[in-house]
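Reader: I would like to go through the voids and the charged pairs of this model. Could we start with the structure itself?

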Amino acid sequence: MQNSRKPKFLLIGGFASSLINFRGPLLKRLVQDFEVFAAAPYIDDDIREKVEAIGANCISTEFERTGLNPAKDLKALLKFRKQIKEIAPDYVLAYTIKPVVFGLKAAKFKGVKRYALITGKGSGFDETNLKSKAIAKVVKGLYRDTLKSVDGVIFQNADDQAFFEQNGLLTNTVQRGVIEGTGVDMAHYRLKNEPSLPEKVKFLFIARLIKEKGIPELVEAAKLLKKKDCDFEVQLLGWVDPNPGGISQKEVDELHSSGLVNYLGTTDDVRPYIEAADVFVLPTYYNEGLPRTIQEAMAMKKPIITTDHPGCRETVEEGRNGFLIPTRDAQSLADAMERFIKEPEQVLIMGQQSHEMAKEKFDVNKINERLLKFMQLSDV
């Protein structure tokens, strides 16, 4: 650009910690070429310090992470619109549902280039009962209204792009493309010690503790394997989620006491837990984008067991770095787990293949350059 000032870039996230945990490397890349602003709901001092240490400015919004409350959402939108007007950004990128449907609407000013990053369909598209069908109808309407005027839409998997197209949520003219995953910092997710042949295979699950992530099937698979006197451990790492479909603290405690699973609690740093485990397992049927935890486990040389499901099937080459199983199928999950229990050398062989695939497909630096190229910002 000929102008001496740096162009302004606004990144809008759905929850504060994601600005660092998921988008920290992107912020570091953006500050090289832009004056950067990072917005998310209810930013605390810790996140603000970390974002500002990168060199970006922090903006706190008032959007609730979940649920639709028209009065609250409209109030938050109007306030955010004023904040954006003061910033006067040149480019805006929003990810997750509320930042996309409300944040990009708030940023609709003449001359502002606006891009949506769809990180999975999420729970807004569940249509299992009358209430969820009504919510899905509202969500589709919000997406359709916002996306008709944006400059581009980025998906994390091809299934989601097809869904949005089939449901008429994209106009024929809007630019769209698939960039698989958020990406991982390969240097950050590096093993301290090389994996060794496991004596007792530890299967690690990391996610919010909701049923749709496949926890009932994982528990049932553990029961099936216990009946066969297999020696193994199932570890759960993640927070208890109060949303519908959440596994209650009481249920988690009972599972832990039963010995079927070892609940590890929550953490701000998953790396020691991934390193200490042998196989990463995520039998999800949730509307995923492309699970970040799988990418992290692959970077740290762990084989993967996950479902043949949008966003997950992109992470596994069957028999090379793990196994894809049908959704809601505890027996298939148990069979895949048993393969590693009976052939522990496959933990090392497939784990190395996971690492090679992560370097090629999920290196965060490559992902971020693809994002900038999509937005035609590689040469700014």
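Reader: What volume does the largest cavity have?
Author: The largest cavity has a volume of about 30 Å³. A cavity is a set of points, on a 1 Å grid over the protein atoms alone, where a 1.4 Å probe fits but cannot get out. The volume is the space filled by probe spheres set on the points, which are joined across faces, edges and corners. Please note that this is a predicted model: local features need pLDDT of at least 70, side-chain atom pairs count only at pLDDT 80 or more, and totals for chains, interfaces and linings use all residues. Residues are numbered from 1 along each chain as its sequence is written, and side-chain values use heavy atoms, with hydrogens and water left out.

Reader: Which residues line the largest cavity?
Author: The lining consists of R23, L117, Q156, I179, G181, I367 and L371. By class, four are nonpolar, two polar and one charged. Here Ala, Val, Leu, Ile, Met, Phe, Trp, Tyr, Cys and Pro count as nonpolar, Asp, Glu, Lys and Arg as charged, and the others, Gly among them, as polar.

Reader: And the second largest pocket, what is its volume?
Author: That volume is about 200 Å³. Of its 16 lining residues, P195, S196, E275, A276 and D278 are the closest to the centre. A pocket is an open set with protein on both sides within 12 Å along at least five of seven lines, and lining residues have an atom within 4 Å of a point. The lining of the second largest pocket has seven nonpolar, two polar and seven charged residues.

Reader: Changing topic: how many salt bridges are there?
Author: The count is 24 salt bridges, each a side-chain nitrogen of Lys or Arg within 4 Å of a carboxyl oxygen of Asp or Glu. One of them joins D90 and R5, with the closest N and O atoms 3.2 Å apart. D90 lies in the loop between α4 and β4 and R5 in the segment before β1, so the pair ties together parts that are 85 residues apart in sequence. Helices (H or I, at least four residues) and strands (E, at least two) are DSSP runs, numbered from the N terminus.

Reader: Is D90 buried or exposed?
Author: D90 counts as buried, at 18% relative accessibility, whereas R5 is partly exposed at 39%. Buried means under 20% relative accessible area, exposed over 50%, and partly exposed in between (1.4 Å probe, protein chains only).

Reader: Which residues form a network of salt bridges?
Author: R29, D33 and E369 are linked in such a network.
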